[in-house]
Amino acid sequence: MDTGIKEIDHQFELKHDNDFLVFTDRYYSSGSFISYRWLSKNKKDSLNNRQHMLYLSHEIYTPSDLLETNTRFYERPYAGFLGFHYQYSIANMTRLFEFEYAMGFTGKMSGASGLQSLFHNTAAEDSRIATWLGQLNNGITNNLYFTYLKEWKLQDNPLSFHVSAGPTIAFGTKDIFIQNEAGVYVGIRNPMSSSLAYDQLSASKNELFFSLIMTYRYVFHDTLLEGNLIGDSSEVLREPYQNLYLFKLGVYYRLKRNDFKLIYNYETAETRQAEPHAYFTISIARSF
């Protein structure tokens, strides 16, 4: 592995979530993300890595049976989310604090129904075209997210072993929840402030490692399931389970200025009618 360290200041990332690799097309059906990150230059604070990120997200949510026309049988409403996000993080060798603001659009003006229908219309002839009956009403959301993570290095390279833990709090008109996360990282890895594990820049030292991240989330409100917090006249609304468990198993590879991630995601059922769901995340990024 390359042991040289070169400073890098900026990064573009393309990321896509989809459940096609597990042969389903339901619930969180797909998500696409375009991100731009850059570092703050503060010579007086060399111990902390201060990083900014802007990203655009587009997410599509559907019930399990795309051909069902009786909305009473839906596990969840059809829903889309088009979001504009700003994220700021401060990281050092063992701690990370992250703040995020997100503003987005739900319902038909998110473009989810049109995009998914276009994709299935241009796919194979036997592709199922979703009805999009009972889609969540149009809405505008604003949300804040705060994350704190602490990491411990139990073994150094060439085969390092890191563990991390910390909470996230979300509140606003899209999501209200609290969660606790615990992670394990095994392989060749940089410190917390410059590792692909936390999407941190500042060094192009190569990395190759695996991760297992386990999260418990207590949900107070989920607009994409139960509609607007102050009242919603959407045809299909479902009450979410308050206790949600999420698991991520990933492989990460940083080769000089190129980053690659492949992550398997598993989530327990979000509503009483739904089943657990799994999907993959694929990400490529270029730093400069």
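Predicted model: local features only at pLDDT ≥ 70, side-chain atom pairs only at ≥ 80, totals over all residues.
Me: Which residues make up the largest nonpolar core here?

Reply: The general idea first. In soluble globular proteins, nonpolar side chains tend to be buried together. In this model, the largest nonpolar core has 12 residues in all. Among them are Ala91, Leu96, Leu149, Met192 and Tyr252. A second, separate core has 10 residues, including Tyr55, Ala79, Leu136 and Leu224.

Me: What is Tyr252 in contact with, leaving aside its neighbours within four places in sequence?

Reply: Tyr252 is in contact with Leu196, Ala197, Phe209, Ile213 and Ile263, among others.

Me: Where is Thr94 found?

Reply: Look at the loop between strand S4 (79-91) and strand S5 (95-106). Thr94 lies there. Not counting residues up to four places away in sequence, Thr94 touches Leu149, Lys150, Glu151 and Met192.

Me: Is Thr94 buried or partly exposed?

Reply: Buried means under 20% relative accessible area. Thr94 has 27%, so Thr94 counts as partly exposed.

Me: How many residues apart along the chain are Thr94 and Thr69?

Reply: They are 25 residues apart along the chain, and their C-alpha atoms are separated by 52 Å.

Me: Which residues make the nonpolar surface patch?

Reply: Leu14, Ile34, Leu56, Phe84, Leu208, Tyr253, Leu255, Phe260 and Ile284 make a patch of about 760 Å². Take Leu56, in strand S3 (residues 49-62). Leu56 counts as partly exposed because its relative accessibility is 34%.

Technical notes
Residues numbered from 1 in each chain as written. Heavy atoms only, no water. Patch = residues over 30% accessible without salt bridge, like charges linked within 9 Å, V, L, I, M, F, W, Y side chains within 5 Å. Areas by Shrake-Rupley, 256 points an atom, 1.4 Å probe, with all protein chains shown as cover. Salt bridge = Lys/Arg side-chain N within 4 Å of Asp/Glu carboxyl O. Helix = DSSP H or I, 4+ residues; strand = E, 2+ residues; numbered from the N terminus. Buried < 20%, exposed > 50% of the residue type's maximum accessible area, 1.4 Å probe, protein only. Contact = heavy atoms within 4.5 Å. Core = buried A, V, L, I, M, F, W, Y, C linked by side-chain atoms within 4.5 Å.
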